[in-house]
Amino acid sequence: MPQYDPAVYSRILTSLTLGFHIIFATIGVGVPLMIALAEWMGIKRNDPHYTLLARRWARGFVITVAVGVVTGTSIGIQLSLLWPSFMRIAGQAIALPLFMETFAFFVEAIFLGIYLYTWDRFKKPIYHFWLSIPIILGSSGSAMFITMMNSFMNAPAGFTLEDGKITNIQPILAMLNPATPTKVSHVLFSAYLTCAFILAGIAAYSILKGRKHVYYKKALKLTMTTGLIFAIGTAVVGDLSGKYLAEYQPEKLAAAEWHFETIEKAPLILGGILTEDNEVKFGLQIPYALSILAHGTPNAVVKGLNEYKAEDLPPLYIHYLFDAMVAIGMFLMLLTLLYFILRKWRKGNPHHRLLLWAIVIAAPLSVFAIEFGWVFSEVGRQPWILRGFMRTNEGATTSEHVDIMLYLFLLLYLVLGIAVSRVLRTLFRNNPAEAELLALEDSGADKR
Amino acid sequence: MSYELLGITVLWTFLYGYLIVASVDFGAGFFSYYSELTGKKNVIHHIIQRYLSPVWEVTNVFLIFFMVGIVGFFPDTAYYYGTALLIPGSVAIILLAIRGSYYAFANYGSKKDNRFYLFLYGATGLLIPASLSTVLTLSEGGFIEERGNKVIFLYEKLFTSSYSWSVVLLAIVSVLYISAVFLTYYASRANDGAALQLLRRYALGWSMPTILSSMLVFFAISRHNPVHFERMVDLFWMFALSFICFAVAVYLVWTRKAYGLAFVFVMLQFAFAFFGYGAAHMPHILYPYLTIYDNFTNDTMAVALIVVFILGLLVLIPSLALLMRLFLFDAKYVQGQTKPAK
């Protein structure tokens, strides 16, 4: 057994909590938008199928929100429990977005409660739709503010640190640090994209299981359309993120790309493995691509890992995470494009079994992409907790019981994870859409 | 008013808000489970669910707000409390996590009113106030020690202290009392006679233990932290007012006069006691290590936080008012005539 080191255990526990939380947080950010879209379509087209879609999504959403809220509470409190010295500094410089995040969360919580219990309370359905807007603003807003906090850790700005004393603080500058624009937009777009695919996966799976009702096809069309838009958005922002990294955190980009020598016309390496003396084997080289990703021109010089001291470098395995994230992103974009070509092309069959299976597989993959992306981003700024200011080890608690807490929380997340999937499965299995569709058609509400 | 005092007042007010809404919530969970055990589930269960369903998520935000705010205004609290509270803090998080998620599983999942879920929900409702009250106990000093670079939490002292146990007792008992009075009011709004009778009995039943355990805390604090006790004696009028409000509330419930007003008096009772306790605690946040003047956040951040706070309230207050109008003061909803869509 290695010696007990609270910093190591704090890192593991924080990544465990965050890794679990971001699944539900992503759903919390993206799904309200999808629900609102479906409700809007239902009202505008006077099509009860879309309204039913919104309702069924909302029903499952509540369950995931509960887990998102409680794990979010966990990480909110754990920040102070596990990283007290870091929070001392962060409290001085970056408390503002954290504070704003709670207000956004408040709005979301209040209006979600109202939204869920007022489906039939207004004479005009559009009033109910308007209630979804504060939910979307609240959930996306809290994602935005919390990501600003994380951006600050990557690109600290707006303060001066001298001998452990922090002075000359500009809260707005700290919030709108260089990493903020790309991080926030990448987080939002990828969350919307992931949720579109999670819901598309469900629709595709239902069609594959022989559900013939047009309801499922409408669900697939809506989710894939949004998927296409956000896939393109995510890719564009991803490219901008690369340019941000090249300028402000070149060591992260270099580590992600196994780029050792500072050279111009730098190639991009896909896949491969790294030998012990830092040679890349079996990698696929794309000439100029890294220069283009980093600076937008094929001849640009890209800074390499050899320029840095070894103790300032992140671990090099993040290359695999980066590649996996990008590959999944490309795969998602390809699927949405294919779906559209097949839809528009008269002889095409957008419900081909292979395509549907690919969409089913893409749903969990998109969640993996979120996880890979976050691990890449977080591990990529090691050894810093505040890049350039505070090493991760200096921020950690000195408590002697982090290991026990780690096991306790591991158990908690296991139980919650299993429970939530079982509850969701039985929820939809015991009340299949067919039954509700039948009720809809019986009531004569379906005019088409 | 200095920024420091303004900051702590804002936070204390939010903590008070949490105390009230969370008490109603925690107590309701317990009563819900208890009524199931005693076979009276059908009497009060639906009343409780109708109130809790739209608001359960909001309760948590009050707590988060306090946590974030205290680190924002007083960054050193993260250092002292953060290190010391790892275990009690984590236990409280785990209980909150179990409670929140199993509430949703029990109410929105397909197997409604699963008995085991209800048990988890009810039991945690009493354990959470106990574990959260530890923080207030710690703030009195004597349980945390700074040795060199380390902040150490003295568990044995906490577990053997009569003061800490009296606070735990007060926390649990007042949760049940606050909750029972509120639910009595809610049942009377719903014109639900049977639920009203039962809840009124609970409210009266928990009133005496509440006032007795508050006195116990008074007594225990005089032995544990005489300095603080002296200051509380200086503010004796606040505690006297608190007692008068208590008497009025019990009278109103006893004579079945005005349940809404009774709940207002319960809120006042706890407001006077809570703010009296808080004012006497000043200027210490953690006795004797930390006062509100030590390492208060810089002025720029304080101003920014206060501005955001005011802007936030501008959004928050109308939203909360809307929530209350739709679910608390809407007679049709309270009486169950508008069915929540499933």
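Confidence in chain A of this predicted model is lowest in strand E6 (residues 280-281) of chain A, at a mean pLDDT of 72, and highest in helix H8 (residues 180-208) of chain A, at 92. Here pLDDT is the predictor's confidence in each residue, from 0 to 100, and helices (H or I, at least four residues) and strands (E, at least two) are DSSP runs, numbered from the N terminus. Chain A averages 84, with 97% of the residues scoring at least 70. For chain B the mean is 80, and 94% of its residues reach 70 or more. The complex receives from the predictor an ipTM of 0.80 and a pTM of 0.86. Where pLDDT is low, the predicted coordinates should not be read in detail.

Some conventions apply throughout. Residues are numbered from 1 along each chain as its sequence is written, while chains are lettered from A and ligands numbered from 1 in the order in which they are written. Local features need pLDDT of at least 70, side-chain atom pairs count only at pLDDT 80 or more, and totals for chains, interfaces and linings use all residues, with side-chain values resting on heavy atoms and leaving out hydrogens and water.

The interface comes next. Contact, meaning heavy atoms within 4.5 Å, involves 67 residues from chain A and 72 residues from chain B. Between them the two chains bury about 6300 Å², of which 77% is on carbon and sulfur atoms; buried area is the accessible area (1.4 Å probe) that two parts lose on being put together, summed over both. On the side of chain A that touches chain B, the elements giving two or more residues are helix H2 (48-82), helix H3 (84-93), helix H4 (95-116) and helix H15 (402-429) of chain A. The largest share, 17 residues, comes from H4(A). By residue class, this side of chain A divides into 44 nonpolar, 16 polar and seven charged. Nonpolar covers Ala, Val, Leu, Ile, Met, Phe, Trp, Tyr, Cys and Pro, charged covers Asp, Glu, Lys and Arg, and the others, Gly among them, are polar.

In one of them, the side chains of A:Lys218 and A:Asp47 meet at 2.6 Å, N to O. A:Lys218 belongs to helix H9 (residues 214-248) of chain A and A:Asp47 to the loop between helix H1 (6-44) and H2 of chain A, so the pair ties together parts that are 171 residues apart in sequence.

The loop between H1 and H2 of chain A also contains A:Asn46, which has a positive phi of about 50° although it is not a glycine. The peptide bond from A:Gln382 to A:Pro383 is cis, with omega near 5°.

Key: Salt bridge = Lys/Arg side-chain N within 4 Å of Asp/Glu carboxyl O.
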